[in-house]
Amino acid sequence: MVKSAGAASPAARLDTSTGPLPALSSAADRVGLLGGTFDPVHLGHLAIARAALNQLKLDHLFFVPAAQAPLRYEAPSASAADRLDLLQRAVTEAADPRLGVLDIEISAGGVNYTVDTVRKLHTAWPQAEFFWLLGADQFAQLDRWREPAELAKLVEFAVLNRPGSPPPVPPSSLAASVRWQRLTGTPHPARAEDIRRRRKSGELMDLWLPRAVAAAIEEKKLYR
């Protein structure tokens with residue numbers, strides 16, 4: 001399902017078997033993709049999205065929540081439906097028509113691989129230029145992903161690293177084939193694991209969350 005802030009039409013699915021494809025504003029749009037469990041989505045994720053929109057001059061940036069991340073062995077704390085709902089609330093609050101949410105992986109369920117997701121998006125939007133956003137820690141282990149060399153042909157990577165961390169570098173086996181650039185700017189300090197841990201202790205870290213997300217976590221009694 002696709003939901004963009006300010007969208008007037010009902011959300012559409014990416015899978016052609018379940019409904020019409022969403023339309024980009026132009027066939028040759030620059031599209032950013034930010035994957036993750038978003039357990040929960042926080043202001044750090046939105047800061048990354050805004051940095052990418054500006055630095056990469058993106059026409060669209062879609063959050064792509066995972067049902068179960070391939071390299072993450074524990075299940076997310078919140079259900080897929082709740083994580084998707086929190087993301088959609090965050091995007092609505094952000095009120096930027098360039099932002100949206102794709103439920104392509106959550107609708108499929110289970111483990112989905114980035115290369116397969118991007119292939120589907122290339123089929124939907126063959127003229128678009130894709131940028132996959134990720135952290136320096138993930139970038140360093142890109143050789144552990146499914147078909148990384150094929151993925152490198154489909155996307156350019158935009159890499160963000162936290163202050164004090166080593167500069168981002170791709171695995172040596174992919175260094176010659178990966179197109180990438182570093183996202184500049186100071187990352188927001190929010191971390192999902194800290195939000196979950198503090199929540200279990202009875203504290204909701206409102207300053208790290210969009211207002212609508214904080215309210216929904218309280219309403220749904222999540223992360224207790």
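Does Arg198 count as buried, exposed or partly exposed, and at what relative accessibility? In this predicted model, Arg198 counts as partly exposed, at 29% relative accessibility. Its side chain forms a salt bridge with Glu203, with the closest N and O atoms 2.8 Å apart. Glu203 is also partly exposed, with a relative accessible area of 36%.

The structure holds 15 salt bridges in total. Lys220 and Asp82 meet through their side chains in one of them, at 3.1 Å from N to O. Lys220 belongs to helix 8 (residues 211-220) and Asp82 to helix 2 (residues 80-94), so this pair ties together parts that are 138 residues apart in sequence. Lys220 is partly exposed, its relative accessible area being 28%. A salt bridge also joins the side chains of Asp85 and Arg89 (2.9 Å, N to O). Both residues lie in helix 2, four residues apart, about one turn of the helix. Arg89 counts as partly exposed at 28% relative accessibility.

Five aromatic pairs are present. Phe62 and Trp125 are stacked, 5.7 Å centre to centre, with 15° between the planes. Phe62 lies in strand 3 (residues 60-65), while Trp125 lies in the loop between helix 4 (114-124) and strand 5 (129-135); the pair therefore ties together parts 63 residues apart in sequence. Trp125 also stacks with Phe130, at 6.4 Å centre to centre and 20° between the planes.

Elsewhere, a charge meets a ring. The charged end of Arg146 sits over the ring of Tyr113, 3.8 Å from the ring centre.

Definitions and conventions. Residues are numbered from 1 along each chain as its sequence is written. This is a predicted model: local features need pLDDT of at least 70, side-chain atom pairs count only at pLDDT 80 or more; totals for chains, interfaces and linings use all residues. Side-chain values use heavy atoms; hydrogens and water are left out. Rings of Phe, Tyr and Trp (its six-membered ring) pair if their centres lie within 6.5 Å; planes under 30 degrees apart count as stacked, over 60 as edge-to-face and the rest as tilted. Helices (H or I, at least four residues) and strands (E, at least two) are DSSP runs, numbered from the N terminus. A charge sits over a ring if NZ of Lys or CZ of Arg is within 6 Å of the ring centre and within 35 degrees of the ring normal. A salt bridge is a side-chain nitrogen of Lys or Arg within 4 Å of a carboxyl oxygen of Asp or Glu. Buried means under 20% relative accessible area, exposed over 50%, partly exposed in between (1.4 Å probe, protein chains only).
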